[in-house]
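Hello,

Here is the structure I said I would pass on. Please have a look, then read my notes below.

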Amino acid sequence: MTVSPLAPGWLSYPADANALRPQMWARDVSRNGSGELEIAGIPVSALAKEFGTPLFVVSEADFRARARDFKDSFDAAFADLCGGVDVYYAGKAFLCTEIARWVASEGLRLDTCSGGELAVARRAGIPGAALGLHGNNKSDAELTRALDMGLGRIVVDSLAELQRLGALAASRGEQANVMLRLTPGVHASTHEFIATAHEDQKFGLSMAPDPEAGGVSPAETAVAAALANEGIRLLGLHCHIGSQIFESEGFELAAQRLLGFLAEIKTAHGVELPELDLGGGYGIAYTEADTPRPPAEIARAMAAVVGSACAELGLAVPRISIEPGRAIVGPTTFTLYRTGTVKTVRVDTAGGGTSERRYVSVDGGMSDNARPVLYDADYSAVLASRASEDDAVMSRVVGKHCESGDIVVRDVYLPADTADGDLLAVPGTGAYCWALASNYNYIARPPVVAVRDGAARLIIRGETEDDLLARDVFASNPPETPEE
């Protein structure tokens, strides 16, 4: 296969559009002898026939392997410093009962962000001690549920929440296990909507001095309040600098700033807090331009920073925890679509001329992957139902919704003979795709299928039209149509 000439400024890809770039796919995805994509030995045509499209396809073996890799790599790197690391899977990336069970069985803990996610964890049988609860605006009902379940940690996001939680726990004669989420003022190199450690955003307690409080930071105020509150057991500090981050500098700087603050707490209050959570946000490969770092490399770099900083500050190394989500589930999953309308249009180029762009429509779109419209996220795609010897041409994969911004893959090379009825696969859709799915245009959300050892099973069934209509409330005796 050859690539058609590119207009100036367009992204260049390797000539073989049939090729799979390993960093973007689960490890048990390949093309079979006839050129069809398969996962764990099951061809995608069989999955489409049994479960329909669109369809999220997740490799259970790959998910488990990635979860173990994080746990084993961080345990090894921090073994001599603090005895290992607590790995919390960030459930917001993608969560269902079966995923929660995989997480627990691989020795990971689970981070949740709502009462609904806590309900999933409880249904999966995860003990409260292995759960955390995040959120910038937790309700009293959510805090009460967390106390009822005996959560191992509640990550408090504000002074007001700290006071509410302390009062709730004290009224029960209990203490809530609390981590304080701080904003260390680190600007992560990522999209502004998923950068979460700079000052101008909704999360956490600022470490910057507040002139109106005599130069005392909100973080300092919260620490003093937590230590004095009979309903609070202050475990330690937490930060999260953002998501889809490849550079290590931001993580290392955040760790140094929080460790420095732990030393200040020790000086001011005579207390060495025993835990430090350094968050998640490790990047994955959505396109061949992305270069994710392996967990072992991340772990060694973070351990070196934590170890040297604690030695310099005279601190015992706190128990470290991290929160990978996307980095575990993202590459394990691809979305399988069936193509429909294919059309070619003329577009202006940077050189002042025009060139062709082909639009390939699929039977899903922004209702099953909102990330391109939310974050300008890039993805890739391949013709999955067969190989092709036709030239590869620049294409834009779009959805079926009534929005011009309903783009699944902005620019990708696909074979020229891609046509109505073909199957396309978009890799790297395990994180924040099904989790952000909607019913826009009254489109049913797709099913999720787990594949392992040559067998496929539903772990989330697809919605039906009955599901879409089930919550509609209408008058049992609607008014008669007025006579003309």
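The second largest cavity has a volume of about 80 Å³. In its lining there are 13 residues, and the closest to the cavity centre are Gly281, Glu323, Gly325, Arg326 and Tyr432. By type, the lining divides into five nonpolar, five polar and three charged residues. A search of the whole structure gives five cavities of 30 Å³ or more. Keep in mind throughout that this is a predicted model.

Next, the salt bridges. The structure holds 29 of them.

Start with arginine 153 and aspartate 277. Their closest N and O atoms are 2.5 Å apart. Arginine 153 belongs to strand β8 (residues 153–156) and aspartate 277 to strand β12 (residues 275–277), so this pair ties together parts that are 124 residues apart in sequence. Are these two residues buried or exposed? Arginine 153 has 2% relative accessibility, so it counts as buried. Aspartate 277 is at 0% and also counts as buried.

Then take glutamate 98 and arginine 101. Their side chains meet in a salt bridge of 3.7 Å, N to O. Both residues sit in helix α3 (residues 97–105), three residues apart, which is about one turn of the helix. Glutamate 98 counts as buried because its relative accessibility is 19%, and the cut-off for buried is under 20%. Arginine 101, at 43%, counts as partly exposed.

This pair is also part of a network of salt bridges. Its members are Glu60, Arg64, Arg68, Glu98, Arg101, Glu106, Arg452, Asp453 and Arg457.

Aspartate 467 counts as partly exposed, at 24% relative accessibility.

Now the backbone. Most residues other than glycine have a negative phi, and most peptide bonds are trans. Which places depart from that here?

- Aspartate 453, named above in the network, has a phi near 50 degrees, a positive value in a residue other than glycine. Aspartate 453 lies in the loop between β20 and β21 (455–460). With 71% relative accessibility, aspartate 453 counts as exposed.
- Tyrosine 442 also has a positive phi, near 55 degrees. Look for tyrosine 442 in the loop between β19 (423–427) and β20 (448–452). Tyrosine 442 counts as partly exposed, at 49% relative accessibility.
- The peptide bond from threonine 53 to proline 54 is cis, with omega near -5 degrees. Proline 54 is found in the loop between α1 (44–51) and β4 (55–59).

Leucine 374 is in helix α11 (residues 371–375). At 38% relative accessibility, leucine 374 counts as partly exposed.

Last, proline 295. This residue lies in helix α9 (residues 295–313). Proline 295 is buried, with a relative accessible area of 11%. How far apart are the C-alpha atoms of proline 295 and isoleucine 154? They are separated by 26 Å, and the two residues are 141 apart along the chain.

Best wishes

Definitions and conventions: Residues are numbered from 1 along each chain as its sequence is written. This is a predicted model: local features need pLDDT of at least 70, side-chain atom pairs count only at pLDDT 80 or more; totals for chains, interfaces and linings use all residues. Side-chain values use heavy atoms; hydrogens and water are left out. On a 1 Å grid over the protein atoms alone, a cavity is a set of points where a 1.4 Å probe fits but cannot get out, and a pocket is an open set with protein on both sides within 12 Å along at least five of seven lines; lining residues have an atom within 4 Å of a point. Grid points are joined across faces, edges and corners, and a volume is the space filled by probe spheres set on the points. Ala, Val, Leu, Ile, Met, Phe, Trp, Tyr, Cys and Pro count as nonpolar, Asp, Glu, Lys and Arg as charged, and the others, Gly among them, as polar. Helices (H or I, at least four residues) and strands (E, at least two) are DSSP runs, numbered from the N terminus. Buried means under 20% relative accessible area, exposed over 50%, partly exposed in between (1.4 Å probe, protein chains only). A salt bridge is a side-chain nitrogen of Lys or Arg within 4 Å of a carboxyl oxygen of Asp or Glu.
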